[in-house]
Amino acid sequence: MSRIAQAEIAGTINTQQQSVNRAKRMQPSARPKSGSLRPFLAGMFLVSLAIGILSAWHGGVLSVGDDGVSYLDLSDAWRNHDWLTAANGCWSPAYPVLLAATLGVSRPSAFWEPVVIRGLNLLLYVGAMFSFAFFWRELTRSVERHTATMGTENKLPRRSWFLLGFALFLFFAVEFIGVNLVSPDLALFSCVLLVGGIMVRIKDGSLGWGPFAWLGAVCAIGYLMKAIMFPLTFIFLGVAFLTADDKRRILPRLALALAVFILISAPWILMLSQAKGRLTYSDVGRLNYLWFASEGFNDYGYPFPWKPAPGEGTPVHPMRDLLASPHVFEFRAPFRGSYPLWDDPSYWYEGAKVPIHLRQQLRTIVNALTGYPHVVELQSALLVGAIFLMLAAGPRAKRVLKAWYLILPAVTALTLYAISHGLVQNRYTAPFLPLLWAGLFAELYVLHLKENSRLLRPLSLAMAIILSIPLAVDLSYNLRQTARNVHARTFFDHYDADVADYLQKAGLHPGDSLGYLQAPEDGTNKYWARLAKMTIVADMSFQDVPAFWGADRTSQAKVLAAFHDAGVQAVVAYRAPSSASSTGWQRVGRSDYYVLTGGDLVPAH
């Protein structure tokens, strides 16, 4: 072979090798080089953990809202094999089962129960941290793969990118949900993020069997946490199908995901359907329609009785209206709980029909949509940042539509919540909003890595700082509250335990019946009844409580007579006026609770 031919062959080989090396440089490795980032990521983890502990402690205020009381009552039902109470049409089973396991192992006293619950929530928060890390890692790899295919020489500014993710996580997990809240929202947050990470993998061509099996399992666990994941599971499966290039290959894998979902979900669906006498996966959507869109919804609102409009059915389990003015309701139920009216709201609405009232529903949707601007306002930093990057991208901004596979499930969830303005709340929307923003910013980052990459670092830092401001304010309040408690040597406020202790010392026993005069500021706090192991069976709606305190003694005696006829051994009131002490009401310690027992609770003559 001539020297010329050898030189040509050598030159060709060198050219090919250079092309291969160039392609390798453009493609990120399967495992990103993150050695220099490890101290940074470890620092973020430790900061997140410290913030989670402070949020869980919540300044030492150990109160539990009505939803939390219901979940705790259900945990007792699961622990005691009380299937009648456990088969609940409103509250999903997974979180009560976690509570049952935690309380069953630790067996805390009534005083320490909320501390143990906060410990469980802190573990769920750590789980949410790792779930978000998985989601953000998959999204990071996806961004780097796409920037490589676009031929850009600019690399993803990892520190600013991870800082944005760090701020997103803390904002939605701590500020929107909170670690102190006794609810499954943090657990659902984790499930949605895990599903989001799996969806990123599937979209980028990962069609192994494993991700699809995990997709079905995580969706099922999410459904057992909160019922909204049942319809959303089919949205996720549909999106996975649409994103796949090989539709024939993905179909059996989607069938596997669906089979796993059904296998895990079916026992609860069968148990609930058998208890309710009809096929159902949850009554929560139906209940919210009745509460906020039904024409029979009255001024007293849920959970008090609705007055059915024509065609809306008849209550199978009506509550007793013991007194018309002011209203005093009695509600005894066959299941156990601290507050039967809210332990299973679906029981009280059995027999209700759900006709579609278009005008009423449109009005409800409009009311719900008016609540979303407030939710968006809290995220103004993200909104302004996204708009700025889209304007800077010009016509190329249409690329953000490539994030539809994450945006669509999030928008679907927000739309489902719009059936009721009562559902447009931060903690309900929090699990889904990170999908929307993460998908949006991932595509915007890809756009600007090719041009104007210098915008990304300062913009990410600005958004992170602004998102952190409300979180910093809340945490500083918690620290000040904790410092005051330590200085006063009280360490925490646990007035619910004080009320429970007072009732027991007053001669009442577990299982006794109570009445309650609630106030607008305290309409969702009945944890003291659970700690006393007693049941509230009669209640005055908070709208009528001011009129009761302003009435003369004769009128007040009629109300107390109604409570006495309901069989209560004591009546508890919140924030009674100073004049209440002259009629036998006793204030409980330093709290704002007052109790009327014994000879002061007698029928009027």
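The paragraphs below walk through a predicted model of a protein chain, from confidence to cores, sheet and loops.

Residue numbers count from 1 along each chain as its sequence is written. Because the model is predicted, local features need pLDDT of at least 70 and side-chain atom pairs count only at pLDDT 80 or more, while totals for chains, interfaces and linings use all residues; side-chain values rest on heavy atoms, with hydrogens and water left out.

The predictor's confidence in each residue is given as pLDDT, on a scale from 0 to 100. For the protein chain the mean pLDDT is 86, and 88% of its residues reach 70 or more. Residues 1-34 stay under 50, and the model has 15 contacts for them beyond four places in sequence, a contact being heavy atoms within 4.5 Å. Where pLDDT is low, the predicted coordinates should not be read in detail.

The interior comes next. Here a nonpolar core is a set of buried Ala, Val, Leu, Ile, Met, Phe, Trp, Tyr and Cys residues joined through side-chain atoms within 4.5 Å. Buried means under 20% relative accessible area, exposed means over 50%, and partly exposed lies in between (1.4 Å probe, protein chains only). The largest nonpolar core has 163 residues, and Phe-135, Leu-139, Phe-172, Trp-437, Phe-441, Leu-503 and Trp-528 have the most contacts inside it. Helix H7 (residues 158-177) supplies the largest share of this core, 14 residues. A second, separate core holds 24 residues, including Phe-563, Ala-566, Val-571 and Leu-601.

Helices and strands are DSSP runs numbered from the N terminus: helices are H or I with at least four residues, strands are E with at least two. In H7, 17 of the 20 residues are buried, so the helix is mostly covered. Just after H7, Gly-178 takes a positive phi of about 95 degrees. Asn-180 is found in the loop between H7 and H8 and, at 19% relative accessibility, counts as buried. Beyond its neighbours within four places in sequence, Asn-180 is in contact with Ser-55, Ala-56, His-58, Arg-118 and Asn-121.

Helix H8 (residues 185-203) contains Lys-203. Although Lys-203 and Ala-240 are 37 residues apart in sequence, their C-alpha atoms are 7.0 Å apart in space. Setting aside residues up to four places away in sequence, Lys-203 touches Ser-142, His-146, Thr-243 and Tyr-405.

The model also has an open sheet of seven strands with mixed pairing, in the order S1-S2-S4-S3-S5-S7-S6. Strand S1 (320-324) and strand S6 (586-587) are its edges, each pairing on one side only; two strands pair if DSSP finds at least two bridges between them. Strand S3 (residues 513-517) pairs in the parallel sense with strand S4 (residues 535-540) over five bridges. Along this pairing, Leu-514 stands opposite Ile-536, and Tyr-516 stands opposite Asp-539. Four bridges join S3 to S5, which also run parallel, and Gly-515 has Val-571 in S5 as its bridge partner.

In a regular strand the side chains alternate between the two faces of the sheet. In S3, Ser-513, Gly-515 and Leu-517 point one way and Leu-514 and Tyr-516 the other way, and all are buried. Helix H21 (residues 495-505) lies across S3, strand S5 (570-574), S6 and strand S7 (593-597), running at about 15 degrees to S7; axes are lines fitted to C-alpha atoms, for helices over the stretch in contact, and angles run from 0 to 180 degrees between N-to-C directions. Leu-503, one of the residues with the most contacts inside the largest core, touches Leu-508, Leu-514, Trp-528, Ala-532, Met-534, Ala-570, Val-572 and Val-595, not counting residues up to four places away in sequence.

Most residues other than glycine have a negative phi, and most peptide bonds are trans. Arg-107, in the loop between helix H5 (94-106) and helix H6 (113-149), has a positive phi near 45 degrees and is exposed, with a relative accessible area of 67%. Arg-575, in the loop between S5 and S6, has a positive phi near 55 degrees and, at 42% relative accessibility, counts as partly exposed.
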